[in-house]
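Thanks for coming, everyone. I'll take a few minutes to walk through one protein model. Please have a look at it first.

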Amino acid sequence: MRKALLLLLAVIIMAGCTETKEEEPADRAEIPLGSRMLVLEAEGLQLEQEFQPEGLDSLYKDTVYKLDAQSANITVRVRKLNNGDRFVMTRLSGKGTIKATISIPGADDYYMIDWTKDMPVREHNKVTGVDPTKPPVGLLRYTKNHEFMNELVMSHSFTSKELTELYGSGRESRLHELLAEKNTVTHSKKGVQFELTSERDQMADQWFLLAEHPLFDESSHLNDWITFQKEHYKEVNNWFAVDGPVKKLPWSVEPFTKDGYGLYLGTMIEKEAIDRFFRDQERYFYDLTVQSAANLWTYRTTRNDVIWKTEFTSTWLKQKYNITAPYVDTRHNELIALYLHRIGKELGVPELEAALTDYSDYLLKLISIDNIVPAEKGYYPADYYSPQQGKQFIHASLNHSLGEANMFIKAYKETKEKKYLLAARNIRQAVESTGEKWIRPNGDLWYQINRDGTFDGGDYELLTLYDLRRHEKNWKELGGKPSPILQKLIESKEQYLNSK
């Protein structure tokens with residue numbers, strides 16, 4: 001009997017020893033943020049991979065963390081800017097919940113400025129519907145003995161489902177369908193917490209900015225920005241994901257959803273924030289400037305391109321020209337090239353400065369393969385390009401063409417290479433030779449000219465007028481004479497607007 005009991009006890013002890021040797025899944029991960037820490041908690045959480053993708057070391061450095069949490073995956077991109085501040089984008093993919101804490105050890109006081117108080121009601125837009133996404137939750141400042149420690153700007157969380165439409169030759173259209181936007185942020189003297197939850201085939205995104213010094217020196221600049229974000233929501237990005245800023249898309253996208261969001265090149269450069277940085281020199285605007293440049297640089301390098309291609313399909317372009325994603329939108333690329341050049345020149349980043357000539361040379365190649373609308377004299381570069389279009393000729397809009405002429409003038413001023421001046425002159429001659437045909441019967445301007453010389457579409461309210469004025473100013477600075485034809489277009493547009 002005694003031998004049997006001893007044998008049984010030995011079996012129990014051995015069984016216990018065997019169990020203790022097995023490592024239980026980790027449920028906590030720490031991601032360093034300089035002197036602070038981002039702590040993630042989830043069931044079965046484990047770090048799988050950590051790497052540093054190619055970037056612009058003089059401006060920022062990215063570190064990407066890949067984690068596994070049973071049926072969910074977590075990706076965290078920590079973007080350390082060259083001033084020490086950090087943008088942190090977190091994505092939870094699959095079924096699960098993750099809790100996150102940004103600890104501020106030693107803080108004895110803090111306060112929060114609400115950025116979403118008194119949000120105005122947004123009206124339905126005929127192109128994009130209603131965009132419910134809100135600006136960041138707010139700005140938190142942490143102090144110790146009344147001395148500054150850190151500031152944080154915290155976003156809402158965005159739950160979405162990725163939609164794709166597959167075409168031949170590996171082409172596809174990708175976008176997100178927004179399912180929910182939530183404020184899960186809680187805060188105390190110890191730090192800030194947020195939570196992400198998603199179901200199978202879903203993902204949840206959250207971002208924050210951790211600042212080492214105050215983000216605004218002037219309270220008026222902060223208050224103006226809070227108001228601007230609310231009233232001009234189409235011009236700012238509220239949703240930074242690990243792969244770039246996600247923005248409300250037109251309803252004319254494929255696959256169709258009224259709640260479609262995607263990596264929209266038109267707002268990937270945050271013009272307003274960048275302009276405010278160069279004017280006001282506030283740290284927050286500098287951080288957004290670097291964030292914009294980093295997102296665009298990452299977008300281009302991960303796709304092994306020298307230009308930026310739209311990655312979601314416009315049903316209008318598909319029906320008219322059989323173009324699906326990815327394709328080149330010349331106006332978006334022109335804007336990106338000009339702003340990256342400006343950022344690169346001001347901040348001393350040659351790779352960004354080269355964006356102007358990189359895209360100018362690319363557009364010259366498109367012109368050389370006849371991707372244009374010819375005029376009596378000169379030509380208009382076509383608005384879009386895709387190898388899919390075959391022998392179909394794409395239209396050219398007046399605003400695109402003027403923008404590209406202005407870009408070529410800028411490239412000529414920077415390099416003194418005559419090929420850019422010649423291209424700008426050819427576009428200018430095209431507008432002059434087409435002349436008053438651009439004017440509609442009501443005094444407004446047509447939007448586009450087709451290959452057969454016909455016109456279509458109503459013009460933007462102000463965009464083309466600004467482009468006309470800017471082009472005349474740029475041409476005058478080169479020593480050129482004002483154009484009576486362009487002056488006529490400007491006057492007709494002004495008179496039309498005044499008569500409304």
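Let me start with a question: is the crossing of H5 and H7 left-handed or right-handed? It is left-handed. By that I mean that the near helix is turned anticlockwise from the far one by less than a right angle; clockwise would be right-handed.

Before I go on, some ground rules. This is a predicted model, so local features need pLDDT of at least 70 and side-chain atom pairs count only at pLDDT 80 or more, while totals for chains, interfaces and linings use all residues. Residues are numbered from 1 along each chain as its sequence is written, and side-chain values use heavy atoms, with hydrogens and water left out.

First, the overall picture. The protein chain has 13 helices and 29 strands. Helices (H or I, at least four residues) and strands (E, at least two) are DSSP runs, numbered from the N terminus. The C-alpha trace spans about 110 × 55 × 45 Å along its principal axes. Of the 500 residues, 53% count as buried. Buried means under 20% relative accessible area, exposed means over 50%, and partly exposed is in between, with a 1.4 Å probe and protein chains only. Now contacts, meaning heavy atoms within 4.5 Å. Among those with a separation of 6 or more, 62% are between residues 24 or more positions apart.

Back to our helix pair. H5 covers residues 283-302 and H7 covers residues 330-347. They pack at an angle of about 125°, with their axes 11 Å apart. Axes are lines fitted to C-alpha atoms, for helices over the stretch in contact, and angles run from 0 to 180 degrees between N-to-C directions. H5 and H7 are therefore oblique to each other. On this scale, angles under 35 degrees are roughly parallel, over 145 roughly antiparallel, 65 to 115 roughly perpendicular, and the rest oblique.

Who meets whom? On the H5 side we have Tyr 286, Thr 289, Ala 293 and Leu 296. On the H7 side we have Ile 336, Leu 340, Ile 343 and Leu 347. The residues of this contact divide into 7 nonpolar, 1 polar and no charged. Here Ala, Val, Leu, Ile, Met, Phe, Trp, Tyr, Cys and Pro count as nonpolar, Asp, Glu, Lys and Arg as charged, and the others, Gly among them, as polar.

After H4 comes Gln 281, with a positive phi near 60°.

The axes of H11 and H12 come within 13 Å and cross at roughly 130°. H11 and H12 are therefore oblique too. Their crossing is left-handed. From H11, the contact uses Leu 421, Arg 425 and Arg 428. From H12, it uses His 471, Glu 472 and Trp 475. By class, that is 2 nonpolar, 1 polar and 3 charged residues.

Stay with Arg 428. Is Arg 428 buried or exposed? It is buried, because its relative accessible area is 5%. Its side chain reaches the backbone oxygen of Lys 481 at 3.1 Å. Among the residues that Arg 428 touches is Ser 483.

Ser 483 sits in the loop between H12 and H13. Ser 483 is buried as well, at 1% relative accessible area. The side chains of Ser 483 and Glu 432 make a polar contact at 2.8 Å. A polar contact is a pair of N or O atoms within 3.5 Å; within protein, one must be able to donate a hydrogen and the other to accept it, and residues adjacent in sequence count only if both atoms are side-chain atoms.

Last, some backbone details. Glu 254 and Pro 255 are joined by a cis peptide bond, with omega about 0°. Ala 325 to Pro 326 is also cis, with omega near -5°. Asp 118 is not a glycine, yet its phi is positive, about 60°. Asp 118 is exposed, at 65% relative accessible area. Asn 304 also has a positive phi, about 55°. Asn 304 counts as exposed, at 71%.

Conventions: Lists of a residue's contacts leave out its neighbours within four places in sequence.
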